[in-house]
Amino acid sequence: MIVESGQLALVLALLATGYAVVASVMGVARRSPELVMSGRYGFYSTVILLLVATAALVHAFVTNDFSVRYVAENSSLSMPKAYTWVALYAGNAGSMLFLAIIFSAFALVAVGTIRKRLPYTAPYATAIMAMVLLFLLAVMVFLANPLSRLDVVPLDGQGINPLLVHFGMFIHPPVQMTGLIVVAIPFSIAMGALLAGKGGNDEWVDLGRTWGMIAWLILTLGLLLGSWWAYTILGWGGYWAWDPVENSALMPWLAMTAFVHSIMVQKRRGMFRMWNMVIIIIGFTLAQLGMFINRGGPVPSVHSFAQSAMGWIFLGFMAFTLVASIAVFVSKVDTLKSRGRLESMLSRESAFLAQNIAFLAVAFVTLWGTVFPIFSETASDVTITVGQPFFNLVNGPLLLFIVFLMGVGPLLPWRRATMGSLIRALRIPLAAAGVIGLIFMIVGPRQPVATVAFMTCAMVLAGIGHEWVRGTQSRHRKGENYAKAFIMLLSANRPRYGGYVVHISIIMLAAGAIGSSFYSVQRDLVMSPGDTETIGEYTFTYTGTTHQSHPDREEDYAQFEVYSGDTYLGEMEPFRAVYPDFRIASTRGAIHSTPIEDFYIVPSDFSDGGQAVFRVLINPMVWWMWASGPIMILGTLLALAPRREPSPATLRVPAGMRPAGV
Amino acid sequence: MKNSKTILTVALAALAILALACTSNTGDDIPEIERKTHSLNKAIMCPVCPGESIDQSQNPLAVSMRSIVAEKLTDGWTGDQIKDFFVERYGPSVLLEPPREGISLAAWVLPPMAVVVAIFAVFIGLRWMRRTTAIPSAVTSETTVLTLDEQESYFRRIEAALDLDDTPDDPSLPS
């Protein structure tokens with residue numbers, strides 16, 4: 001009964017969403033606010049119906065109703081019920097429902113904010129968001145129904161993929177998927193404004209920026225969580241492998257980072273109107289490409305656990321939205337002429353443009369490297385692999401250039417800067433970079449590329465630090481104590497200082513990546529119980545293995561006593577689990593993590609008698625990568641926090657003043 | 001001003017010390033042959049695992065390939081000889097880096113070309129933007145035309161009054 005209600009809810013949701021699209025569009029065409037409103041209510045009711053369908057699926061899981069195909073494929077009698085959360089999105093059909101309910105919830109909030117502030121854009125934006133939902137629902141109802149029943153009811157389900165049974169899997173996939181689909185919201189706002197003929201009016205920019213930043217933040221967290229999960233659970237000591245699915249999540253992130261910056265130029269100077277439309281179309285297209293590659297594209301990947309031919313349908317929808325967006329853009333391009341003019345090649349605006357181009361270049365390189373294997377296979381019958389060395393070599397310098405721009409950009413004024421003023425502003429940042437460079441050249445190990453990278457990071461931090469110190473001091477001189485001055489400084493200009501906080505977190509991320517990429521040290525060792533080995537200043541003794549048998553897996557825990565120099569660090573216990581039914585082995589490394597470095601042991605092979613192969617790593621600065629996450633959230637929240645209304649200001653200017661070009 | 005310079009110097013020193021502490025491992029104490037094995041492992045793909053190098057993968061084939069690499073290095077083979085050995089058996093796709101010849105040359109050539117095109121595009125775009133104006137400005141004879149610097153200083157004062165100015169003050173501009 002409950003399952004049937006869920007199925008009915010899905011069908012009704014499909015109809016309601018279809019109605020929302022039609023009513024919104026017709027409401028605008030016929031200038032009928034009632035029709036627009038009813039379209040909106042159709043949209044709202046979809047949310048409720050999706051909740052009903054989700055509740056039905058959860059109920060089926062909790063009651064072990066294996067007559068439902070999806071439940072049979074993704075759970076078992078022995079599965080702890082807490083894992084139902086993961087099972088909801090572990091398989092194709094379930095992840096569609098997950099995407100639909102999450103997107104509808106976000107879109108609900110978005111529609112609420114849009115309709116008050118952008119009454120002409122709102123019907124179009126609602127229609128576009130409803131179209132995305134329509135697609136998801138159509139796929140569910142006609143192709144991959146999460147609530148469809150099996151003809152023969154099995155006694156037990158297949159169980160859940162053991163790789164998913166880790167804390168990281170409780171958050172990374174949902175966050176990543178949410179990030180990808182939420183990109184549709186700033187896209188809908190931008191396209192809606194364009195369709196409403198408001199392309200030349202920058203009223204949509206505030207909400208576009210807000211939702212763009214929300215989508216960006218969620219995408220960033222998805223990437224960080226995925227890297228963290230790979231690092232802790234996959235057992236090869238790394239966190240990013242330029243794997244096709246990783247790349248497919250990175251590309252929309254690159255576009256959205258470009259977008260949240262270039263949108264500021266439109267807000268400030270009414271420029272980049274066409275460019276911003278192009279960027280958000282690229283962002284949404286890449287997000288859909290991400291969803292396609294994740295679902296079983298033609299490129300092989302470690303992520304392929306939700307494989308199916310369904311992926312091609314996503315590609316089809318992506319092609320449809322791309323073609324439609326381009327058509328709308330071309331037809332409305334006349335409304336997108338800039339209000340302001342670029343006055344100098346040396347200005348904040350051109351720095352933003354250079355940054356945007358650099359981000360797109362990275363996205364292009366990543367896309368190229370990801371699809372090249374397919375290209376070479378069709379063109380020459382030989383399959384070529386494009387792996388880490390390629391991406392690191394090509395994307396590395398581009399990303400470093402972007403970090404460099406992060407240091408120079410905030411120092412450039414809007415409109416125009418003189419070379420002299422720029423150099424003056426760069427004095428302290430360049431001095432800091434020079435000092436770091438000198439120290440590393442004299443004292444540190446010789447790694448010229450890493451040295452340059454650290455110098456760039458120092459330059460950015462020094463620029464931010466200098467501004468914060470000066471700003472706090474100038475407020476302090478007006479009577480506030482240091483603490484209050486600092487807080488008021490941040491609070492008085494939240495977008496700017498929120499941006500600074502996010503930049504600091506990016507430097508933390510970059511530092512962690514540089515440290516671990518260039519200075520990490522690895523050994524693969526065969527050890528028997530009682531053996532002691534060293535790496536760097538760490539001494540570790542393998543004391544033995546304990547074995548644990550479970551109904552679905554066999555686990556081997558290796559015990560180590562670890563010393564750093566003469567200090568006893570404690571016991572570390574990496575383990576390896578083998579799941580015979582799934583033919584998967586999963587390892588979990590033992591990690592001793594400090595802000596300086598991670599000491600990391602992971603087992604790879606156990607023989608009889610306890611002899612085993614262990615990989616031991618020292619990974620410097622990885623801690624900073626994970627620590628950057630919370631800082632990034634804080635910075636984004638600060639940048640998004642609403643400001644108090646500005647009060648009017650007057651300034652006397654000479655009579656008849658009329659500068660050219662405004 | 002002095003105060004801020006002291007704070008920044010101290011912060012910089014702390015940063016430098018931290019960075020040096022983190023990067024103090026040279027790995028010089030690790031036997032050369034282990035290091036060579038690692039860099040080779042990272043350059044060879046596991047043929048049966050989707051997208052993983054033999055360094056990353058836990059698959060039994062990857063494990064045995066790692067021991068082959070180690071064995072051959074001990075026997076005195078060079079890195080290139082070992083790579084060729086695997087290419088003979090599994091084809092060029094076993095290398096993580098596309099070879100720099102034939103069709104794969106396109107993989108390497110296109111990105112730098114794209115970057116050059118992009119830089120070119122930025123310059124052309126900036127110059128095009130400088131020429132295009134949406135709103136024609138009408139300057140009548142009663143108006144005073146200010147120099148660019150004078151305009152700048154008024155813009156800055158206006159923006160400062162509106163709390164929009166967010167760049168460090170430039171003492172060189174007239175105020």
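Reader: How many bridges pair β6(A) with strand β7 of chain A, and in which sense?
Author: This is a predicted model. In it, β6(A) and strand β7 (residues 584-588) of chain A are paired over 5 bridges in the antiparallel sense.

Reader: Which residue of β7(A) stands opposite A:R576?
Author: That residue is A:T587.

Reader: And what does the hairpin of β6(A) and β7(A) look like between the strands?
Author: There are 4 residues between the strands of that hairpin, and A:R583 takes a positive phi near 55°.

Reader: What joins β6(A) to β4(A)?
Author: Strand β6 (residues 575-579) of chain A is joined to β4(A) by 4 bridges, and the two run antiparallel. One pair to look at is A:E555 with its bridge partner A:A577 in β6(A).

Reader: How many bridges are there between β4(A) and β5(A)?
Author: Strand β4 (residues 554-564) of chain A is joined to β5(A) by 5 bridges, again with an antiparallel run. In β5(A), A:T567 is the bridge partner of A:S564. The two strands form a hairpin with 2 residues between them, and A:G565 in the turn has a positive phi of about 65°.

Reader: Now the open sheet: what is its strand order?
Author: The order is β1-β10-β9-β8 in chain A, 4 strands with antiparallel pairing. At the edges are β1 (521-527) and β8 (590-593) of chain A, each of which pairs on one side only. From one strand to the next, the twist averages 15°.

Reader: How many bridges connect β1(A) and β10(A)?
Author: β1(A) pairs with strand β10 (residues 612-620) of chain A over 7 bridges, in the antiparallel sense. Opposite A:D524 you will find A:R615 in β10(A).

Reader: What is A:E597 in contact with, leaving aside neighbours within four places in sequence?
Author: On that basis, A:E597 is in contact with A:I618, A:N619, A:P620, A:M621 and, in chain B, B:C22.

Reader: How far is A:E597 from A:L8?
Author: Their C-alpha atoms are separated by 54 Å, and the two residues are 589 apart along the chain.

Reader: Changing topic to helices: where is the kink in α15(A)?
Author: Helix α15 (residues 419-442) of chain A has a kink of about 50° at A:R427, shortly before the proline A:P429. A:P429 is one of the buried residues of α15(A), which also include A:A425, A:I428 and A:A432.

Reader: What about phi of A:R31 and A:W242?
Author: Phi of A:R31 is near 50°, a positive value in a residue other than glycine, and phi of A:W242 is likewise positive and near 50°. Most residues other than glycine have a negative phi.

Reader: Where do they sit, and are they buried or exposed?
Author: A:R31 is in the loop between α1 (2-29) and α2 (33-62) of chain A. A:R31 is exposed, because 8 other C-beta atoms lie within 10 Å. A:W242 is in the loop between α9 (205-233) and α10 (244-269) of chain A, and A:W242 counts as buried because it has 20 C-beta neighbours inside 10 Å.

Reader: Finally, how is chain A divided?
Author: Chain A has domain 1 (1-165), domain 2 (418-517 + 626-640) and domain 3 (521-620). The C-alpha centres of domain 2 and domain 3 of chain A lie 38 Å apart.

Reader: And how many helices and strands are there in each chain?
Author: Chain A has 19 helices and 10 strands, while chain B has 6 helices and 0 strands.

Reader: What share of each chain counts as buried?
Author: In chain A, 53% of the 662 residues count as buried; in chain B, 25% of the 175 residues do.

Key: Residues are numbered from 1 along each chain as its sequence is written. Chains are lettered from A and ligands numbered from 1 in the order in which they are written. This is a predicted model: local features need pLDDT of at least 70, side-chain atom pairs count only at pLDDT 80 or more; totals for chains, interfaces and linings use all residues. The bend at a residue is the angle between axes fitted to the seven residues ending there and the seven starting there. A residue is buried if 20 or more other C-beta atoms lie within 10 Å of its own, exposed if 12 or fewer, and partly exposed in between; C-beta atoms are placed from the backbone. Two strands pair if DSSP finds at least two bridges between them. Domain bounds come from an automatic or database domain assignment. Axes are lines fitted to C-alpha atoms, for helices over the stretch in contact, and angles run from 0 to 180 degrees between N-to-C directions. Two residues are in contact if their C-beta atoms, placed from the backbone, lie within 7 Å.
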